[in-house]
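I set out to record what I looked up in this structure.

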Amino acid sequence: MPPLLFVVILPPKISHGDTMIALLRQRRSTRKFTAQPVDDKQIDQLLEAGLLAPSSKDTRPVEFVAVTDKAMIAALAACRDAGTMALKTASLAIAVVANTRKSDVWVENAAIAAMLIQLEAEHLGLGSTWVQMRLRTNGDQTAEAAVRAALGIPEDYGVLCVLAVGHKDELKSPRQLTASDQAHVHRERF
């Protein structure tokens, strides 16, 4: 009997020549990762993408805490009551925080930076997902307070999210817009 042959079809990797729209279609939330670690060069590129994010009045209030220690990533997963499944297999977690004294729109600034990191992750062939911490709970305290305590973040810093990052262990088709998606677009007036 001949040996069994398995064929795995991977989604196409985005190349430098592809458009931004192709990258946006390809980026999907990944909640299951392989055990392969994200290498230091990739971590540096992800953090550089976040640092290049624009900010209101160029105040640059956003900072990042990159975590590769499995025990600390597990501690971050425990900082929120639910919705942290992606952190259970992620080999990298990036806490996206901001100095609330520097900007009254720190949430928006941090959100832009977090999204740029996720787009760079996709560009590098990595998966990622956003794990919301702001306005979420951890028992009788906030998830933000739990993350601050776990990572030693000062009280005057807001914690927006923790990004779970790693090598994808699930495949998703690129997003295709539908007629109902297009109904969300208005021109000139609502």
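The entries below cover confidence, the sheet, the helices on it and the salt bridges.

**Entry 1. Conventions and confidence**

I note that this is a predicted model, in which local features need pLDDT of at least 70 and side-chain atom pairs count only at pLDDT 80 or more, while totals for chains, interfaces and linings use all residues. Residues are numbered from 1 along each chain as its sequence is written, and side-chain values use heavy atoms, with hydrogens and water left out.

I looked up the pLDDT, the predictor's confidence in each residue from 0 to 100. The protein averages 94, and 91% of the residues score at least 70. I then turned to the helices (H or I, at least four residues) and strands (E, at least two), which are DSSP runs numbered from the N terminus. Confidence is lowest in helix H1 (residues 20–26), with a mean of 95, and highest in E2, at 99.

**Entry 2. The sheet**

I took strands as paired if DSSP finds at least two bridges between them. Four strands form an open sheet in the order E1-E2-E6-E3, with antiparallel pairing. E1 and strand E3 (127–132) are the edge strands, each pairing on one side only. From one strand to the next, the twist averages 25°; for angles, axes are lines fitted to C-alpha atoms, for helices over the stretch in contact, and the angles run from 0 to 180 degrees between N-to-C directions.

I went through the pairings in turn. Strand E1 (residues 62–67) is joined to E2 by six bridges, and Phe 64 has Val 96 as its bridge partner in E2. E2 and E6 pair over eight bridges, with Ala 98 opposite Gly 158 in E6. E3 and E6 are joined by six bridges, and the partner of Trp 130 in E6 is Leu 163.

**Entry 3. Covering of the sheet**

How many residues of E2 are buried? I find that eight of its eight residues are buried, where buried means under 20% relative accessible area, exposed over 50% and partly exposed in between (1.4 Å probe, protein chains only). Both faces of E2 are covered, with Leu 92, Ile 94, Val 96 and Ala 98 on one side and Ala 93, Ala 95, Val 97 and Asn 99 on the other.

H4 lies across E1, E2, E3 and E6 and runs at about 10° to E6. H5 packs on the sheet and touches E1, E2 and E6, its direction making about 75° with that of E6.

**Entry 4. Salt bridges**

I searched for salt bridges (a side-chain nitrogen of Lys or Arg within 4 Å of a carboxyl oxygen of Asp or Glu). Arg 60 is partly exposed, at 41% relative accessibility.

Arg 101 forms a salt bridge with Asp 156, the closest N and O atoms being 2.3 Å apart. This pair links distant parts of the chain, 55 residues apart: Arg 101 sits in the loop between E2 and H4, and Asp 156 in the loop between H5 and E6. Arg 101 is exposed at 62%, whereas Asp 156 is partly exposed at 25%.

Glu 122 and Lys 168 meet at 3.0 Å, N to O. Glu 122 lies in H4 and Lys 168 in the loop between E6 and helix H6 (179–182), so the pair ties together parts 46 residues apart in sequence. Glu 122 is buried at 5%, and Lys 168 is partly exposed at 25%.

Technical notes. Contact means heavy atoms within 4.5 Å.
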